[in-house]
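Open the model in your viewer and keep the selection panel at hand. We will go from selection to selection.

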Amino acid sequence: MATKSGAQSSLDRILTLEIVRVTERAAVAAARLRGRGDEKEADQVAVDAMRQELNKLPIQGRVVIGEGERDEAPMLYIGEEVGIGKGPKVDIALDPLEGTTICAKNLPNSLAVIAVAEKSSLLYAPDVYMEKIAIGPGFPDGTVSLDASPSENINAVAKAKGVRIGDVTACILDRPRHARMIEEVRSTGAAIRLIGDGDVAGVIHTTDPDETGIDIYMGIGGAPEGVLAAAALRCIGGQMEGRLQLNTDEKIARARTMGIEDPTKVYSMEEMASGDVVFAATGVTDGNMLGGVRFTRDAIVTHTIVMRSSSRTVREIKARHQDLGKFG
């Protein structure tokens, strides 16, 4: 566990209810557009709301993992400075609307997500894809690896749990790029939970397989979601590896400007999110982990989880906001 520094003492004061307010505001803004079929507009209002709330915080924040340009979405861009410019220097990874398609279709597990850590604690990387593998707590170190095949990882999880392979379920994004992986996993006899979006939630679900039915997450998704998921696992336990998909000269050059020299490096969970980390997520739509935003006649109800790595504290906050003006 990291020792407590002066910076971390400052983090104690700001990274609880203050960070919860950041994800609450983004979630409420996006929830007003759920089921409307407009992914970009939902993302836009979530970004605007999250930026507005971040810029009220007494921090010197730098976005190291942000929205980027891949989806032509409005950005809280990598390198953007947020906060009032006073207070501790911190790294920020965020996804104002994790699961834009999910929100647009009003499907389960859309979230507003943020992770905050001491400066230079979060992986500083371009907005590219990342190959990922993750399991929850309670397994021997090195149970799974990106250098192993999908079938080898499925077998390793079954052996470590002491169950039949048929009792193991893998969570994989439903994408054409995963066709061979899906075929190989099914050939072992394991089950698959295919998800259309929302791989931060997919990774976190591995931490409670009795509740979610998911034992392992694998596949290629966004690097921002990978770092956010690693931050969450640092707080609640588990194992994760990530490898950036730097498969063009342009991507390699972008990564080099951020200090990444080895384009094939496999990052451990601790290399993606080190030091003292605070992670918060607020439900936009109902899901396995969090309830979505509810609008009543006289209040807005939100459900948030906030976690901290140094104390392994996990708090669930169900809030009833009766000052409706603060949410516009």
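Select Arg180, Glu183 and Ser187 in helix 6. These residues are exposed. Keep in mind that the coordinates belong to a predicted model.

Now turn to the other side. Which residues of helix 6 (residues 179–188) are buried? Pick Met181, Ile182, Val185 and Thr188. Why do these four sit on the same side of helix 6? Around the axis they cover an arc of only 120°, so they share one side of the helix.

Next, show what the buried residues of helix 6 pack against. Select helix 5 (150–161) and strand 6 (169–173).

Step just past the end of helix 6. Gly189 is there, with a positive phi of about 100°.

Move to helix 5. Check its length with a distance between the end C-alpha atoms: they are 17 Å apart. The 12 residues, at 1.5 Å a residue, should span 16 Å, so the two values agree.

Stay on helix 5 and colour its buried residues. Select Pro150, Ser151 and Asn153, then Ile154, Val157 and Ala158. Their arc around the axis is only 165°, which means that they lie on the same side of helix 5.

What covers this buried set? Show strand 5 (129–135) and strand 6. Helix 6 and strand 8 are also among the covering elements.

Last stop: the residue that follows helix 5. Select Gly162 and read its phi, which is positive and near 75°.

How values were computed:
Residues are numbered from 1 along each chain as its sequence is written. This is a predicted model: local features need pLDDT of at least 70, side-chain atom pairs count only at pLDDT 80 or more; totals for chains, interfaces and linings use all residues. Side-chain values use heavy atoms; hydrogens and water are left out. Buried means under 20% relative accessible area, exposed over 50%, partly exposed in between (1.4 Å probe, protein chains only). Helices (H or I, at least four residues) and strands (E, at least two) are DSSP runs, numbered from the N terminus. The arc is that of the directions from the helix axis to the C-beta atoms. Contact means heavy atoms within 4.5 Å. The expected span of a helix is 1.5 Å times one less than its number of residues.
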